[in-house]
Amino acid sequence: MSAIPDQTPPPTAENLREAALRHLARFAATEQGLAQVLDRAVMRWARRCAANGGETDQIELHRARSRVMIDTIVGDMRRIGALDDAAFARSRSLSLTRSGRSRRAVAASLAQKGIGAEVLGNALEESLGHRSEDAARERELGAALVLARKRRLGPFMRGDATEGNDGPAEEENRLHRHQRALAAFARAGFGRDVAERALAMNLEEAEDRVMALKSS
């Protein structure tokens with residue numbers, strides 16, 4: 001009797017490659033991301049095989065072989081252009097910025113997806129500009145304003161939150177709201193200067209900048 005039951009055959013290079021192509025046809029992916037998708041498929045097979053009485057040693061042997069196949073498949077996908085970490089990083093950095101992510105948060109997100117430091121740095125400069133450039137600073141401000149609109153901060157604050165008398169209690173409330181808003185921007189990775197500019201902006205200009213960022 002086979003150690004691996006017939007109903008749970010081990011993954012082959014062919015079906016792993018087919019799984020890779022199916023995934024890439026539907027989703028943009030990094031090299032690390034695709035490897036993780038294929039590895040999860042192997043893990044699902046391993047769990048089914050173990051549940052059906054497969055021997056642990058044989059399962060681990062096939063898993064080790066599958067890891068080698070996965071590395072080969074990822075390399076093949078990169079060579080034919082189906083995987084391009086640099087292009088992925090450029091595209092995703094723009095989309096994340098338009099959604100209100102700071103440059104720092106964008107970098108952290110892409111690093112988590114396996115984008116290497118050099119590729120990441122180049123992608124950020126190509127898509128968002130160098131930190132010292134006016135265009136890059138304006139894009140960062142636009143992203144902060146997107147976040148402000150989502151959180152109803154600064155120019156996007158509800159009218160009832162700004163109403164009240166001008167006495168000491170109201171001044172204390174305004175200061176408290178301002179500090180809480182700065183803390184929200186800081187947690188999202190925005191610098192103090194960007195946060196202060198976003199909070200001080202009038203609603204019409206803020207809306208214009210948000211629209212400009214989203215259409216860029």
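Colleague: Leaving aside its neighbours within four places in sequence, with which residues is Val 74 in contact?

Modeller: Contact means heavy atoms within 4.5 Å. By that criterion, and with neighbours within four places in sequence left aside, Val 74 touches Glu 31, Leu 34, Ala 35 and Leu 83. Please note that this is a predicted model, in which local features need pLDDT of at least 70 and side-chain atom pairs count only at pLDDT 80 or more, while totals for chains, interfaces and linings use all residues. Residues are numbered from 1 along each chain as its sequence is written, and side-chain values use heavy atoms, with hydrogens and water left out.

Colleague: How far apart are Val 74 and Leu 34 in sequence and in space?

Modeller: They are separated by 40 residues in sequence and by 7.1 Å from C-alpha to C-alpha. Val 74 lies in helix H3; helices here are DSSP runs (H or I, at least four residues), numbered from the N terminus.

Colleague: Is Val 74 buried or exposed?

Modeller: Buried means under 20% relative accessible area, exposed over 50%, and partly exposed in between (1.4 Å probe, protein chains only). Val 74, with 8%, is buried.

Colleague: How is the packing of two helices described?

Modeller: One gives the angle between their axes and the distance between the axes. The axes are lines fitted to C-alpha atoms over the stretch in contact, and angles run from 0 to 180 degrees between N-to-C directions. Here the axes of H1 (residues 13-26) and H3 (residues 56-79) come within 10 Å and cross at roughly 45 degrees. H1 is therefore oblique to H3; angles under 35 degrees count as roughly parallel, over 145 as roughly antiparallel, 65 to 115 as roughly perpendicular and the rest as oblique.

Colleague: Which residues of H1 and H3 meet?

Modeller: From H1 come Ala 13, Leu 16, Arg 17, Ala 20, Leu 21 and Leu 24, and from H3 Ser 66, Met 69, Ile 70, Ile 73, Asp 76 and Met 77.

Colleague: How many aromatic pairs does a search of the whole structure find?

Modeller: Rings of Phe, Tyr and Trp (its six-membered ring) pair if their centres lie within 6.5 Å; planes under 30 degrees apart count as stacked, over 60 as edge-to-face and the rest as tilted. The search finds one pair. The ring centres of Phe 185 and Phe 190 are 5.9 Å apart and the planes stand at 85 degrees, so the pair is edge-to-face. Phe 185 is buried at 0% relative accessibility, and Phe 190 is buried at 5%.

Definitions and conventions. Helix = DSSP H or I, 4+ residues; strand = E, 2+ residues; numbered from the N terminus.
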